[in-house]
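Here are my notes on the fold, as numbered points for a colleague who has the coordinates open.

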Amino acid sequence: QVINAGLYLLKEEIVPKEDVKSQRTIQQMNNAVLRATGFLNSFLNFSRPFELKIGQVNINELIKGALNEVPEETLSNIEVKQELSSELPKISVDFDLLKQVVVNLVKNAAEAMGEGGKLWIRSTHISGSGGLQIGEKDFVQITFEDSGPGIPEEDLPRIFDPFFTTKGKGTGLGLAICQRIIEAHKGEIEVKSKVGIGTTFTIRLPNP
């Protein structure tokens, strides 16, 4: 906060607007502070236990709200297709934590596709057919399918491991945190991928 305040003072009141080089340097410093803040938040989220604030949630509304929180430039070259079931029951989840998972998976997909691609987000209600390893027979399923480069087969078993990342600037905590959040809801998350075709993340949340 102190660094941010100092940078704001430099940018707005001390360094002249016409000093383009200095203004650009200040912006680079500000971006570095934002990245550092993101890293610290990831470490904190991973290290502390989750305290779920459970409420009845419409998953489709949660997905739409999460998409609104993804920076516009992140999805500028991505075609997002929402195939959301109109017959979903409300389920008991922590709205903010689950929204964090959706935002993270959407950002990951967009970053993987780089120059552009398609992202399909689907929701459905599966009843009476089983599916969850924990034995639940009624659950809501959300899938995120992208047309990106895919994940090498040898990396798939480690994709949820803390600190494992294929990104040059990643912390390797994003997917690990997503898995912890889903498991805290007694659900499960899995990934399937083929190099050159794309990647699909599937979330299943029980409906008690």
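1. A search of the whole structure finds 1 aromatic pair; rings of Phe, Tyr and Trp (its six-membered ring) count as a pair if their centres lie within 6.5 Å, with planes under 30 degrees apart called stacked, over 60 edge-to-face and the rest tilted. The ring centres of Phe 160 and Phe 201 are 6.2 Å apart and the planes stand at 80°, so the pair is edge-to-face. It links distant parts of the chain: Phe 160 sits in the loop between strand 5 and helix 5, and Phe 201 in strand 7, 41 residues apart. Phe 160 is buried at a relative accessible area of 12%, and Phe 201 is buried at 8%. Buried means under 20% relative accessible area, exposed over 50%, and partly exposed in between (1.4 Å probe, protein chains only).

2. On provenance: this is a predicted model, in which local features need pLDDT of at least 70 and side-chain atom pairs count only at pLDDT 80 or more, while totals for chains, interfaces and linings use all residues. Residues are numbered from 1 along each chain as its sequence is written, and side-chain values use heavy atoms, with hydrogens and water left out.

3. The chain has 5 helices and 7 strands, where helices (H or I, at least four residues) and strands (E, at least two) are DSSP runs numbered from the N terminus. The elements run α-α-β-α-β-β-α-β-β-α-β-β from the N terminus on. Of the 208 residues in the chain, 38% are buried. Among contacts between residues at least 6 apart in sequence, 70% join residues at least 24 apart; contact means heavy atoms within 4.5 Å.

4. An open sheet is formed by 5 strands in the order 2-4-5-7-6, with mixed pairing; two strands pair if DSSP finds at least two bridges between them. Strand 2 (78–84) and strand 6 (188–194) stand at the edges with a single partner strand each, so one side of each has no neighbour in the sheet. On average, neighbouring strands of this sheet are turned by 15° against each other, direction ignored. Axes here are lines fitted to C-alpha atoms, for helices over the stretch in contact, and angles run from 0 to 180 degrees between N-to-C directions.

5. Strand 5 (residues 138–146) and strand 7 (residues 198–206) run antiparallel and are joined by 8 bridges. The bridge partner of Phe 144 in strand 7 is Phe 201, the residue that also belongs to the aromatic pair. Helix 4 (residues 95–113) packs on the sheet and touches strand 2, strand 4 (117–127), strand 5, strand 6 and strand 7; its direction makes about 145° with that of strand 4.

6. Strand 6 and strand 7 pair in the antiparallel sense over 7 bridges, and Lys 194 stands opposite Gly 198 in strand 7. The two strands form a hairpin with 3 residues between them, and Gly 196 in the turn has a positive phi of about 85°.

7. Which strands does helix 5 lie across? Helix 5 (residues 174–184) lies across strand 6 and strand 7, at about 25° to strand 7. Its buried residues are Leu 175, Ala 176, Ile 177, Cys 178, Ile 181 and Ile 182.

8. Most residues other than glycine have a negative phi. Lys 186 has a positive phi of about 60° although it is not a glycine. Lys 186 is found in the loop between helix 5 and strand 6, and at 59% relative accessibility it counts as exposed.

9. The axes of helix 3 (residues 59–69) and helix 4 come within 9 Å and cross at roughly 55°. They are therefore oblique to each other (under 35 degrees counts as roughly parallel, over 145 as roughly antiparallel, 65 to 115 as roughly perpendicular and the rest as oblique). The residues in contact include Leu 62 and Ala 66 of helix 3 and Val 102 and Val 106 of helix 4.

10. Helix 4 and helix 5 pack at about 145°, with their axes 10 Å apart. Among the residues making this contact are Leu 98 and Val 101 of helix 4 and Ile 177 and Ile 181 of helix 5.
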